[in-house]
Amino acid sequence: RSLGLLNREEADHPGTLDCHPLVRQYFGARLEELHPASWQQAHARLYEYFKALPEKELPDTLEEMESLFAAVRHGCAAGLHQQALDAVYWSRIRHSNDNYLCRKLGAFAADLSVLAHFFAHPWHTPAPSLTDADKAVVLNWAAFGLRGLGRLAEAAKPMQAAVAMFSRQENWKQAAINASNLSELLLTIGKVDRAVAAGQQSVELADRSEDAAWRMLSRTTLADALHQAGEQDEARALFAQAEQLQQERKPEYDRLYSLQGFQYCDLLLGLGQWQEVRERATQTLEWAKRHGGLLNIALDQLSLGRAALQEALTQAGLPPAAGLAPDLACVSLPDSATAAASRTGESLQHAKDRLDQAVAGLREAGEEEFIARGLLARAAWCRWAIVLLKQADALTQALQDLQETEEIAQRGGMRLHLIDFHLEVARLALTAGQDILGRTPAEHLAAAKKGIDETGYNRRLPEVANIEEALEG
């Protein structure tokens with residue numbers, strides 16, 4: 001112990017000798033080098049031990065899954081990648097198609113740390129002992145986990161590799177799924193033209209697969225990409241087409257829901273149609289609470305919060321387009337808005353409650369890309385609270401949300417969110433009559449315009465014109 005070769009003695013376990021981790025690492029490496037067969041046999045025994053340890057066949061908490069995580073680690077070290085994937089990771093950690101670890105527990109980091117053991121070189125070369133089909137599958141799973149953690153640049157490579165691998169296998173459905181995921185990812189990191197192209201590829205692959213669900217889903221992906229590119233009419237037509245396919249496939253669910261429903265609501269809110277969004281999201285929230293995961297519930301809350309904000313502003317005498325969140329237009333408030341502020345207070349509070357629930361739910365779901373959307377929407381609400389409710393402390397809340405948005409966007413390379421951040425800060429600065437976060441409104445606008453030029457995020461061009469008009473005024 002005096003030489004540091006042993007850990008300190010534990011009071012709860014007197015007399016126990018525990019080697020320092022560096023000592024264990026050294027002798028482990030020596031065993032692997034000099035006696036590889038014994039090394040693998042030892043890991044195989046540990047794999048069987050940890051696999052049998054949980055009392056439940058399907059553990060439902062992170063703590064209960066720790067033994068299964070260890071089983072995967074030792075199984076892969078023993079060269080039993082396929083067994084560990086089939087018998088432990090797929091069936092007992094993911095709960096098969098439920099993707100339990102991510103969708104139910106929001107534990108993206110834990111899932112990704114387990115998945116790493118199925119790669120020879122994360123995140124582009126799966127373990128050679130896996131079947132060709134499962135090599136493509138683990139690439140897909142890794143991309144999903146990386147995206148959920150906001151590591152978007154890293155996620156693009158396994159997605160692209162998965163599209164190519166599934167296409168070679170003529171697995172058109174899985175190729176369509178990955179092309180759709182790739183489109184969504186490219187959109188977030190600011191490659192709008194490429195996102196549209198990947199969305200079109202997804203539609204073609206889905207039609208080739210003749211899979212009804214993915215023929216619908218791929219169209220919503222393309223529609224969302226076109227929406228961000230500023231092609232509003234074409235996007236709306238595709239959403240309507242997708243909803244018709246949804247009704248034919250599942251008549252009991254006659255509206256787009258989940259992420260697809262949220263994307264359609266985003267387009268409708270851009271048109272000021274908050275009544276339709278409120279009706280849609282109220283229905284899909286009921287479905288999400290019965291069948292959906294954390295993310296779906298939070299996205300419906302976000303749609304309802306944004307719709308409630310538009311409703312409140314309409315009550316205050318403002319045009320519907322003034323209520324967009326995060327994409328509010330800069331407007332001159334009519335005199336009636338101040339007089340009506342007291343009447344809209346209840347509606348505004350309802351919007352705030354919804355947005356708070358959405359942000360909390362998005363945090364629980366653990367997907368940073370969507371957390372940023374919730375923060376931007378709440379920052380926009382705060383700006384209107386300053387104007388209509390005279391809440392001076394709302395500026396502090398808005399700044400906190402916007403600073404966190406900037407951190408998430410910069411960390412994950414989310415260029416579209418960064419553009420939205422600059423536009424919202426410019427509007428907030430105009431409202432507050434002061435520079436925000438070290439820049440003038442004009443400087444934030446210039447940063448947003450530069451981003452739009454470089455990404456093709458043309459949806460935001462009308463907002464740029466509105467802010468320019470406000471600056472000139």
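Visitor: Which exposed residues does the face of helix 22 turned away from its buried side carry?

Guide: That face of helix 22 carries Pro 462, Glu 469 and Glu 472. Exposed means over 50% relative accessible area, buried under 20%, and partly exposed in between, with a 1.4 Å probe and protein chains only. A word on sources: this is a predicted model, where local features need pLDDT of at least 70, side-chain atom pairs count only at pLDDT 80 or more, and totals for chains, interfaces and linings use all residues. Residues are numbered from 1 along each chain as its sequence is written, and side-chain values use heavy atoms, with hydrogens and water left out.

Visitor: What are the buried residues of helix 22, and why are they placed on the same side?

Guide: The buried residues of helix 22 are Glu 463, Val 464 and Ile 467. They cover an arc of only 105 degrees around the axis, so they sit on the same side of helix 22. The arc is taken from the directions from the helix axis to the C-beta atoms. These buried residues pack against helix 20 (415-432) and helix 21 (441-455). Helices are DSSP runs of H or I with at least four residues, strands are runs of E with at least two, and both are numbered from the N terminus.

Visitor: Why is Phe 239 called buried?

Guide: Its relative accessible area is 0%, so Phe 239 is buried. Phe 239 belongs to helix 12 (residues 232-249). Beyond its neighbours within four places in sequence, its contacts (heavy atoms within 4.5 Å) include Ala 223, Leu 256 and Tyr 264. The C-alpha atoms of Phe 239 and Tyr 264 are 6.6 Å apart, across 25 residues of chain.

Visitor: Why does Asp 266 count as buried?

Guide: Asp 266 has 7% relative accessibility, and therefore counts as buried. Asp 266 is in helix 13 (residues 258-270). Leaving aside neighbours within four places in sequence, Asp 266 touches His 227, Gln 228, Arg 306 and Arg 459.

Visitor: What makes Phe 370 buried?

Guide: A relative accessible area of 2% makes Phe 370 buried. Phe 370 lies in helix 18 (residues 368-388). With neighbours within four places set aside, Phe 370 contacts Leu 259, Leu 295, Leu 299 and Leu 362.

Visitor: Why is Tyr 49 partly exposed?

Guide: Tyr 49 has 46% relative accessibility, so partly exposed is the label. Tyr 49 sits in helix 2 (residues 36-52).
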